[in-house]
Amino acid sequence: MQEQGIGWLLAIIVGAAAGWIAEQIMKSNQGLLMNIILGIVGSIIANALFSLLGIGFGGVIGYLIAGVIGACILIALGRMVRGRRV
């Protein structure tokens, strides 16, 4: 994230926001720390998947969008692994 101009503090804030938005979309109940983790890891995963398709996100809004999409994917995968309905 540093090469795109986003520092670690901003990544944590954007990750928390992305995780919270994904939590609301997926009707999940996570804590603040899990929202941050889901948002940051989700952003990394979504950016990697989108780069395979030739789509690139940049800036804070791009990372927020990618983080929300990636966090939703991670929540869905977690539910599948635990055997809950998606």
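This is a predicted model: local features need pLDDT of at least 70, side-chain atom pairs count only at pLDDT 80 or more; totals for chains, interfaces and linings use all residues.
Modeller: One term before we start: contact means heavy atoms within 4.5 Å. With neighbours within four places in sequence left aside, Ala18 is in contact with Gly39, Leu64, Gly67, Val68 and Ala71.
Colleague: What does the protein chain average for pLDDT?
Modeller: The average is 84, and 90% of the residues score at least 70; pLDDT is the predictor's confidence in each residue, from 0 to 100.
Colleague: How many helices and strands does the protein chain have?
Modeller: There are 3 helices and 0 strands, giving the pattern α-α-α along the sequence. Helices (H or I, at least four residues) and strands (E, at least two) are DSSP runs, numbered from the N terminus.
Colleague: And how much of the protein chain is buried?
Modeller: Of its 86 residues, 37% count as buried. Buried means under 20% relative accessible area, exposed over 50%, and partly exposed in between, with a 1.4 Å probe and protein chains only.
Colleague: Which residues make up the largest nonpolar core?
Modeller: It has 9 residues in all: Ala18, Ala22, Met26, Leu38, Val68, Ala71, Cys72, Ile75 and Ala76. H1 and H3 each supply at least two residues of this core, and H3 gives the most, with 5 residues. A nonpolar core is a set of buried Ala, Val, Leu, Ile, Met, Phe, Trp, Tyr and Cys residues joined through side-chain atoms within 4.5 Å.
Colleague: Let's pick Ile75. Why does Ile75 count as buried?
Modeller: Ile75 counts as buried because its relative accessibility is 6%. Ile75 lies in helix H3 and touches Ala22, Glu23, Met26, Ser28 and Leu38, not counting residues up to four places away in sequence.
Colleague: Changing topic, which residue has a positive phi?
Modeller: Lys27 is one, with phi near 50° in a residue other than glycine. Most residues other than glycine have a negative phi. Lys27 lies in the loop between H1 and H2, and Lys27 is exposed, with a relative accessible area of 72%.
Colleague: What about Asn47, buried or exposed?
Modeller: Asn47 is buried, with a relative accessible area of 18%. Asn47 is found in helix H2 and touches Phe57, Tyr63 and Ala66, leaving out residues up to four places away in sequence.
Colleague: Last one: what lines the largest cavity?
Modeller: The lining has 10 residues, of which Ala11, Val14, Gly15, Gly39 and Ser43 lie nearest the centre of the cavity. Helix H1 (8–25), helix H2 (32–52) and helix H3 (59–82) each supply at least two lining residues, with the largest share, 4 residues, coming from H1.
Colleague: What does "cavity" mean here?
Modeller: On a 1 Å grid over the protein atoms alone, a cavity is a set of points where a 1.4 Å probe fits but cannot get out, and lining residues have an atom within 4 Å of a point.

Methods. Residues are numbered from 1 along each chain as its sequence is written. Side-chain values use heavy atoms; hydrogens and water are left out. On a 1 Å grid over the protein atoms alone, a cavity is a set of points where a 1.4 Å probe fits but cannot get out, and a pocket is an open set with protein on both sides within 12 Å along at least five of seven lines; lining residues have an atom within 4 Å of a point.
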